[in-house]
Amino acid sequence: MERRNSAALGEIQEYKNAFELIDTKKSGSIPTAKLGEVLKSLDHEVSAEELRIHEAETDVDGVGKTTFAQFLQLMVRVTSPPDEDEGPPPFYAVPSMDVSAQINLSAQLAAAATITEAKKQELKKVFSEMDSRKDGFITFDEYKCAMSKVGRPGLTDKDLKGAFDEADVDNDGSVDFLNFLYQWAKDQSPVQHDQDCFAINGFYMNMREKFVAKGASIYYMMVEWDEKDLSWEDFRQKIVGATDPEKAVKGSLRATIFATYEELELERPTIGDNGLHASASPFEGLCERMNWAGIKLSEDPFGKALLQLGLDEKTIMEWTKDPDVEFKGKLNSIFDSLEDLDTSQSLEKVKTIGKAKGNPPSGIKNMAFVFVKPKANNEKVQKLVKDTFAASKISLVKEGEIKGEVIDKDKLIDNHYYAIAQKAVLMRPKDLNAPEQGKKKFHDVFGVTWEEALKSGLVMNAAEVCAEYQLNSKELGGYWDACKKSGKMIKFCGGFYCGKIFSKTVHVKVGGGIEIEDAEDIVAAKFEHASQQDVEEIKKQFASYDTNKNGVLCLEEFSNAMKSTMNEELGAVELKAMFDDVDRNGDGEIDIEEFMFHIRSRRAQKIDQPSTIKH
């Protein structure tokens, strides 16, 4: 999606004027039933069916109200020109999955709309002074130079890069004026969260951005081996390594990448950016070869085997979308059903699931699709992966690089994570099929039933969260990472994750007891009888981080506290998200009560850590 910074700023007031023809009290929302009148005033004639769809898109919580941010997101969608080069959709494509860029733009528009014209002109002068090349964009070098002129002692290049990356919501290495306005507005008005908010697959859009950003690419390898020499489970655990690189088996690729990331010229790996992806099963390997490498079903060895069983092509293609299937009276996703099975085992199980009559062929090797992820894609990592495979009798069949522009245009990453993307963007939480086991886990971890959370409007998909709280995909990703680190994330089933990204305000008594505004806040309740010794210990920690001794922690002091307590450095976006989450009253500072609740919550939630996401 092309940048629209100059045009977008000019459109903000027009959209706002039209919106306020209905919102005469300037409450920030209008009855969704009045949406047609606003569109008509902007010369957007729509049919009754189109209007029904638009109303459903904007009234995300089903209460009959549309906020200005939701309206702007709709206008971005309906005014974005179609891609003239866009051909027929891929074999199992996700429609309109450029929504990540649309969400980023609508969030920026909504934030810019809150700034007065006088302040915009003032900020325009500041921006122009930074923009030394006068091309309408600030590069990191220009930003760094400007910061040195205003005198920001103590800020390292890493600190400056983190701040710059936070403003660069488009991930293209530069900041335009709309980005600049957005970041200023966000700094002035931290996200308020007076109720709990549960996000579905809140990591997806930020993850997608990493694959399609300017200069991004992956390096893929199609590999095969004899299942008698190496089981699929051992391939994933002992050769590739666990999703969390810190917990991966020593000698595995992810463990090695984590241990030697500086020598490999990488940033410190994380669960999401763990170096590489590898197929979880022979069937997923088939899906990935068809998607990324364009291999036809009838030309792929495993695909031919499925057809030989007697499965029809339509059924196989439907399975590439990871639907629930029945096996021995139980429903489970097809991907989860076949995970870690060797080729011979997979074919036998698929035959039962698909009620096929044919006999599975013998002698087919295990075949996986592996790729080095964008943040790790360099020649050193590529060599490490190839050498490791060669030493393990894993043959390299085909290899190559795919650029981010192709990944974006052909929606390769959206197809790859179809089940995740669909739930993050297209489906509403109330329409999701939540398994009973997942519902139980939701209640155990969060202290409220799935049905109660849905009924109260507390559960949103990733797109809805961005619209409701005017977040861009990078910021939502930061909140997601923070909730994952604090144990507030669960997995319902394949492609279906839920994280509690915001919590309602909870007041803590420093004396050892607590006051709970929400009687169901079971995490806080775990500390009702905390010892005075525990309280004094946390007080001392707080005092050591409060370097200017003013009784509160600023973002920089909180960063130092997290480095000490978590023994790792957080990215700028993730750090800001965690800071906002801990700052429960939204005043931009963390007092002793907020700090104490955060530390105690982290300790309690170590008792029951949910499963992590497979990437």
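1. Basis of the model. This is a predicted model, in which local features need pLDDT of at least 70 and side-chain atom pairs count only at pLDDT 80 or more, whereas totals for chains, interfaces and linings use all residues. Residues are numbered from 1 along each chain as its sequence is written, and side-chain values use heavy atoms, with hydrogens and water left out.

2. Overall make-up. The protein chain holds 30 helices and 14 strands, where helices (H or I, at least four residues) and strands (E, at least two) are DSSP runs numbered from the N terminus. Of its 615 residues, 53% count as buried, buried being under 20% relative accessible area, exposed over 50% and partly exposed in between (1.4 Å probe, protein chains only). The accessible surface of the chain is about 28200 Å², and carbon and sulfur atoms account for 49% of that surface; the areas come from the Shrake-Rupley method with a 1.4 Å probe, and for residues only the protein chains shown count as cover.

3. Contacts along the sequence. When contacts (heavy atoms within 4.5 Å) are taken between residues at least 6 apart in sequence, 71% of them join residues at least 24 apart.

4. Helix 25. This helix covers residues 473-485, and its 13 residues span 18 Å from first to last C-alpha, close to the 18 Å expected at 1.5 Å a residue; the expected span is 1.5 Å times one less than the number of residues. Because 11 of the 13 residues are buried, helix 25 is largely enclosed by the rest of the structure. The buried residues include L476, Y479, W480 and C483. Just after the helix, G487 takes a positive phi of about 80°.

5. Cysteines. With a disulfide taken as a pair of cysteine sulfur atoms within 2.5 Å, the count comes to zero. C197 is in no disulfide, the nearest cysteine sulfur being that of C498 at 8.9 Å, and C197 counts as buried at 0% relative accessibility. For C483, the closest cysteine sulfur is likewise in C498, 8.4 Å away and too far for a bond; C483 is also buried, at 2% relative accessibility.

6. The structure holds 24 salt bridges, each defined by a side-chain nitrogen of Lys or Arg within 4 Å of a carboxyl oxygen of Asp or Glu. R208 and D408 form one of these, with N to O at 3.0 Å. Since R208 lies in helix 10 (residues 204-212) and D408 in helix 19 (residues 404-409), the pair ties together parts that are 200 residues apart in sequence. R208 is buried, with a relative accessible area of 4%, whereas D408 is partly exposed at 27%.

7. E267 and K375 form a salt bridge whose closest N and O atoms are 3.7 Å apart. E267 lies in the loop between helix 12 (253-259) and strand 7 (276-278), and K375 in the loop between strand 10 (366-372) and helix 18 (379-391), so the pair ties together parts that are 108 residues apart in sequence. E267 is exposed at 58% relative accessibility, while K375 is partly exposed at 47%. Both residues belong to a network of salt bridges that links K210, E267, D273 and K375.

8. A further pair. The side chains of E37 and K34 meet in a salt bridge at 3.4 Å, N to O. E37 is partly exposed, with a relative accessible area of 44%, and K34 counts as partly exposed at 34%.
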